Amino acid sequence: MRLFSTRRGLVALFGFLLIWVAVLYYGILPAAALLQDAAHSGILEFLFPRLGLQAWENWPAAELAVYWVVTLYLLPFFALIASADQTASDRSRGTLRYLVLRCSRIEIFLGRFLGQCIIMFLVVAATLATVLVVVAFYNPDKLAATVAKVPLIVLNLELVLAPYVALMALVSVLAKSARQATLYAFILWITVSLLVGYLQAKFGPLALLDWALPGSQISQLLRLTNWETLNFAAIPIVHTLIFLGIGAILMRQKDL
Amino acid sequence: MNPIECQGLTKRYGSTLALDNLTLSLPAGEPIALIGPNGAGKTTLLSVLCGFIRPSNGEVSILGERPGSAGLTGRLSALPQDALLDPRLSVGRQLRFFARLQGMGAAGAKKEVERVLQLVDLSDSMHTKPADLSHGMRKRIAIAQALLGSPELVLLDEPTAGIDPPNAKMIRDLVREQSSRTTFIVSSHNLDELERLCGSVVYLEKGRLISAGPLSDDADDEYITLRMGAVNESEFINAANMLPGVSDVSKTTGGDFLIKTQDDMATSAALMQLLIDKNWRYRQLSRGKSLEERLYGDQT
């Protein structure tokens, strides 16, 4: 609710809207036009498989193909920044004490996580709506097929974003501010990345370690355009449950 | 069973012992004063009772429940020390949210917020953000927060610290008015304030319980505390020592005269006559020792 009812929240939303308009206007639209123009030139067939984007032509509209790629990489960063302050500033300010007198720490922790997931859902829905408008304007004959893909995209993006939000829920328990929570998340990210690199260098490729970081399934998702994307759903769900489990334990134990 | 029961309560912060094997049973009824020097463990004790921090050892029962349990929602409330409301949302909005968390419906919550804001005389602040209020007003809002839903037990951690006398008086009056239906535990350094407000006192020092009991006791019959205007100290002590029943007259740490007597009523009457005869002005006359004298009188 704070996002929609405070000046700071509205400014953040407006800022994201501006960025998204820029992404749409200077990124998705020209890229979609490029895809359509170069579809038969052979360049894309040569280039895209090397970028892991060979499935782009399976999407009903080029705009949707570009949206899929852009949001899979862009929205996780937005999720990290937007959900950084789930409990951190409330704890340092003492506001959490007022809440703890009225509900349990786990309710607060999970409530904030779910609230952020709802915000991410709204962000996905709003950005997807802009793409549908573009498709309706430039390729109205492809609109119905594009709309049919909406549940697939929304569900997959929500699954992709959930572990990032859960990670921020965890670090927010340890941090005193949103900035510190973001810093902790990046430190954790780099540490795990280095650790994974070291272990794989020492013991050879270990399949399990390939999935250690949130978003490790994104490169696979880029190749898919149908419900087979859910074959990778277990990865973000497991990440989310691990982060929420650790976060909940810390939330219960930490002094307020 | 008393509303607050602590058994062997201990809280450690690293090597520092904030609460040291505290065993305590506090009854419902008149406000209870929680006093002690800085670092005595007052805030730590209140924080444990509220479930803000977990004890290292020991058992705590509050209104028959464990601290932080769902069974305490709406029954226990508190004014935590230095806790602030969210500066970005209006006072009314936050209090309504708290009331909703306590299980009230939207209409009930709105009505309850209006009631508690009226109690602290801040009905006009419903749509104001906390950052736009003075320190005293924010404190009164925090007390209004604690009174939402008329809880059985309210813990107030330094409710009048750092605020001006009119706001402090308003808070004292409010606690006095509400104490017929709510038990208050009030932590403060202001002993005069606690003496006027509370019926019993818990004294902590270095995390240990030094004493707990009613403010008035049988020894009140043996002492009179007199606060004088300008008077020659030795002349007064000599004159008071001559009064019937008086066995000793001394100056307290707070600047009052402490008169030991065998019959406080007869001595009080004689004392008044002495003041009239000598044309000495007094400021306050009270039975028994002041709380300050009782706690710290022997240390000087």
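Reader: Which side chains does a polar contact of 2.8 Å join in chain A?

Author: Those of A:Asn156 and A:Thr229. A polar contact is a pair of N or O atoms within 3.5 Å; within protein, one must be able to donate a hydrogen and the other to accept it, and residues adjacent in sequence count only if both atoms are side-chain atoms. Before we go on, this is a predicted model, where local features need pLDDT of at least 70, side-chain atom pairs count only at pLDDT 80 or more, and totals for chains, interfaces and linings use all residues. Residues are numbered from 1 along each chain as its sequence is written, chains are lettered from A and ligands numbered from 1 in the order in which they are written, and side-chain values use heavy atoms, with hydrogens and water left out.

Reader: Thanks! Where does A:Asn156 lie, and is A:Asn156 buried or exposed?

Author: Helices (H or I, at least four residues) and strands (E, at least two) are DSSP runs, numbered from the N terminus. A:Asn156 lies in helix H9 of chain A, residues 150-174. Buried means under 20% relative accessible area, exposed over 50%, and partly exposed in between (1.4 Å probe, protein chains only). A:Asn156 counts as buried because its relative accessibility is 3%.

Reader: Which residues does A:Asn156 touch?

Author: Contact means heavy atoms within 4.5 Å. Leaving aside residues up to four places away in sequence, A:Asn156 touches A:Trp68, A:Leu221, A:Thr229 and A:Leu230.

Reader: Now the two chains together. How should I read the area that chain B and chain A bury between them?

Author: The size of an interface is often given as the accessible area lost when the parts come together. Buried area is that loss (1.4 Å probe), summed over both parts. Here chain B and chain A bury about 2,300 Å², with 53% of it on carbon and sulfur atoms. On the chain B side, B:Phe52, B:Arg54 and B:Arg88 lose the most area to chain A, together 30% of what that side buries. The contact takes 29 residues from chain B and 23 residues from chain A.

Reader: How many salt bridges and polar contacts cross between the chains?

Author: A salt bridge is a side-chain nitrogen of Lys or Arg within 4 Å of a carboxyl oxygen of Asp or Glu. The count between chain B and chain A is 1 salt bridge. The side chains of A:Asp255 and B:Lys11 meet in a salt bridge at 3.8 Å, N to O. Helix H2 of chain B gives the most to the side that touches chain A, with 4 residues.

Reader: What about salt bridges within a chain, such as the one B:Asp20 forms?

Author: B:Asp20 pairs with B:Arg208, the closest N and O atoms being 2.9 Å apart. This pair links distant parts of the chain, with B:Asp20 in strand S2 (residues 16-26) and B:Arg208 in strand S9, 188 residues apart. B:Arg208 is partly exposed, as its relative accessible area is 49%.

Reader: And how far apart are A:Arg93 and A:Asp90 in helix H5 of chain A?

Author: They are 3 residues apart, about one turn of the helix, which covers residues 88-93. Over all chains, the count comes to 14 salt bridges.

Technical notes
Buried area is the accessible area (1.4 Å probe) that two parts lose on being put together, summed over both.
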